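Open the model in your viewer and keep the selection tool at hand. The stops below go from a pair of helices to a strand residue and then to the ligand.

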Amino acid sequence: MSRVGVLALGPAGVGKSTFCNSIIAHMQSIGRRAHIVNLDPAAEATEFEFTIDIRDLISLQDVMEEMDLGPNGGLVYCFEFLLNNLDWLDEEIGDYNDEYLIFDCPGQIELYTHIPVLPTIVKHLQTSLNFNLCATYLLEAPFIIDTSKFFSGALSAMSAMILLELPHINILSKIDLVKDEFSRKQLKKFLNPDPLLLSNEDEEYNPKFSKLNKLIANLVDDFGMVQFLPLDCSKDSDSVATILSYIDDVTQWSESQEPKEPVDEEFDVDAEYE
Ligand SMILES: Nc1nc2c(ncn2[C@@H]2O[C@H](COP(=O)(O)OP(=O)(O)OP(=O)(O)O)[C@@H](O)[C@H]2O)c(=O)[nH]1
């Protein structure tokens, strides 16, 4: 039997922690259990407690003070420290057999797009701790409803997808902040976009880059990075439920549940009268 793990990834402030908390709240409301694993050494307190917290091993604040490093260097140091102490993670996770763990990751996407820190942790979770993992990659809806920003966001999501080699779910967060009618129309187009059409649209505004736009659009299209699920953590719990059903699907959650032993009636009756 395996554990299920969901990585919440995406740039800083995109809503990863809020998403983790919303998923946990939703799961609790339908009688399921899950835990948050905080992998951000610079995290602030949230309304839900972290079951496992990297800051119990190392915190960015301490590293910056003691090693005289800036925030980015400090973060890389924290993760190198974690990689050298993976037995700490094994021990913390050890008690959570057959559980659903949600990994709240830092917003510095270099950690999963440029340097092999997160890929190493992912491999460890899969091979040593028997996790069925999936990555959720969040991008902010108000940011992405501009075509050029869509491509830059899609490329960063794709970079994480290629590096992590995990089932990958793209999410457009904070859709409640897309309010005016024009932007909402745009949003519809970006939830299930055709990158080739989007690149053609840009052509009339910026012909200088049309060849490059088309090449990028082809690349995004080839990798199947074309679907985004909408997320509104402020009001719309249906959006959270839909995302959870996608996660369950790709992590084969229901298959990972231990089949219930058939009730042996004779045995039960005997036990009653012992
Ligand atoms: N309106 C609205 N605000 C949201 C939503 N999700 C998150 N926010 C807000 O966005 C801000 C950042 O959210 P966080 O969950 O801390 O984002 P994060 O990605 O974990 O941030 P880092 O850990 O710094 O990378 C907070 O003020 C949240 O309240 C949403 O669906 N709608």
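Begin with α1 and α12, which are roughly perpendicular to each other, a term for angles of 65 to 115 degrees. Select residues 16-29 for α1 and residues 237-251 for α12: their axes come within 10 Å and cross at roughly 85°. Axes here are lines fitted to C-alpha atoms over the stretch in contact, with angles running from 0 to 180 degrees between N-to-C directions. Helices (H or I, at least four residues) and strands (E, at least two) are DSSP runs numbered from the N terminus.

Next, show Ser22, Ile23 and His26 of α1 with Ser237, Val240, Ala241 and Leu244 of α12, the residues that make the contact; contact requires C-beta atoms, placed from the backbone, within 7 Å.

A note on the model: it is predicted, so local features need pLDDT of at least 70 and side-chain atom pairs count only at pLDDT 80 or more, while totals for chains, interfaces and linings use all residues. Numbering starts from 1 along each chain as its sequence is written.

Move to valine 37 in strand β2 (residues 35-38). Valine 37 has 23 other C-beta atoms within 10 Å and is therefore buried (20 or more; C-beta atoms are placed from the backbone). Leaving out residues up to four places away in sequence, valine 37 touches Phe50, Thr51, Ile52, Leu101, Ile102, Phe103 and Asp104.

Finish at the ligand, surrounded by 16 residues, of which Gly15, Lys16, Ser17, Thr18 and Gly107 are the closest (C-beta atom, placed from the backbone, within 6 Å). Helix α1 supplies the largest share of this shell, three residues.

Note on methods. Parallel < 35°, antiparallel > 145°, perpendicular 65-115°, else oblique. Contact = placed C-beta atoms within 7 Å. Buried ≥ 20, exposed ≤ 12 C-beta atoms within 10 Å, placed from the backbone.
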